[in-house]
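Take a look at the structure below.

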Amino acid sequence: MPCGNYSVDYLHMGRFFQYLMFRHEAVQEFDYLWRLDADIETRLGIPCDVFEVMVRSHAVFGYYYYSDFDHHNCGVYEGRDAAFNYTRERGFEPNHLEIMPPQSAYMGFWGIFQMKFWKSKFALEFGEYVDHLALAYTNRLGEQAFYALTTSVFVSPQALHQYAGVGPFMHRGYEIIMGKREVNGFNLIQDDVFCPEASEWDCNEIFECYERNPSQSNAEVD
């Protein structure tokens with residue numbers, strides 16, 4: 001099994017979050033869907049209405065953490081090949097797949113989905129295509145890579161929103177900090193302009209986050 005030995009139940013979970021979730025009858029009535037891992041903790045409360053942020057930013061997908069690290073590359077090369085084959089067979093160019101590093105992933109513990117996009121005919125057809133390849137089982141293609149593939153095939157980077165400044169998360173006892181505020185140079189933001197009260201943390205490119213000093217921030221504004 002590539003990328004380690006995973007239980008069938010774990011692989012089922014990955015398939016659910018990239019394929020079955022958008023087809024489940026329980027979510028069909030919703031405009032937006034917010035997926036959080038059950039073992040997530042936050043140091044700060046979530047200071048904004050995350051759905052309002054999606055509406056105001058006109059985003060189809062909201063994420064917290066982007067990774068292009070090699071250790072997150074389970075199935076992504078096979079998934080990337082599948083995405084290029086899909087677009088080639090249908091005679092169109094993917095929107096920004098070319099500029100995404102091959103191992104790109106939007107980490108799955110936080111994701112907000114505009115259901116109009118994720119239930120659209122083209123998004124569902126792409127999901128069907130990938131699912132028929134069984135990459136979730138043969139190569140452990142995870143949902144985090146699937147989200148990167150789907151969005152980079154169909155929408156521009158401007159249709160993605162990164163939730164900046166909500167501070168570190170704890171995931172399975174480990175601290176997870178956003179670190180990057182861009183994907184391969186685009187979608188760069190200093191603060192989350194749609195949730196300015198959330199921007200209490202400054203993070204750099206080597207995954208160090210510091211709580212902003214309010215008096216220092218006010219002095220800079222003055």
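A residue counts as buried when its relative accessible area is under 20%, as exposed when it is over 50%, and as partly exposed in between. Keep in mind that this is a predicted model.

Start with Y86. Its relative accessibility is 3%, so Y86 is buried. F92 comes out at 30%, so this residue is partly exposed.

Now turn to the rings. A pair of aromatic rings is described by the distance of the centres and the angle of the planes. Rings pair if their centres lie within 6.5 Å, and planes over 60 degrees apart count as edge-to-face. The model holds 29 aromatic pairs by this rule. Y86 and F92 form one of them: the ring centres are 6.4 Å apart and the planes stand at 85°, so the pair is edge-to-face.

F113 and Y147 make another pair. Here the centres lie 5.0 Å apart and the planes meet at 70°, so this pair is edge-to-face too. It links distant parts of the chain: F113 sits in strand 6 (residues 110–114) and Y147 in helix 7, 34 residues apart. Both F113 and Y147 are buried.

Helix 7 also has a helix partner. Helix 7 (residues 143–154) packs with helix 1 (residues 8–20) at an angle of about 25°, and the axes are 9 Å apart. Angles under 35 degrees count as roughly parallel, and the two helices are therefore roughly parallel to each other. Their crossing is right-handed. Helix 1 brings G14, F17 and Q18 to the contact, while helix 7 brings E143, F146 and Y147. By class, that contact has three nonpolar, two polar and one charged residues.

Methods. Residues numbered from 1 in each chain as written. Predicted model: local features only at pLDDT ≥ 70, side-chain atom pairs only at ≥ 80, totals over all residues. Heavy atoms only, no water. Axes fitted to C-alpha atoms, helices over the stretch in contact; angles between N-to-C directions. Helix = DSSP H or I, 4+ residues; strand = E, 2+ residues; numbered from the N terminus. Parallel < 35°, antiparallel > 145°, perpendicular 65-115°, else oblique. Left-handed = near helix turned anticlockwise from the far one by under 90°. Contact = heavy atoms within 4.5 Å. Nonpolar A, V, L, I, M, F, W, Y, C, P; charged D, E, K, R; others polar. Phe/Tyr/Trp six-rings, centres within 6.5 Å; stacked < 30°, edge-to-face > 60°. Buried < 20%, exposed > 50% of the residue type's maximum accessible area, 1.4 Å probe, protein only.
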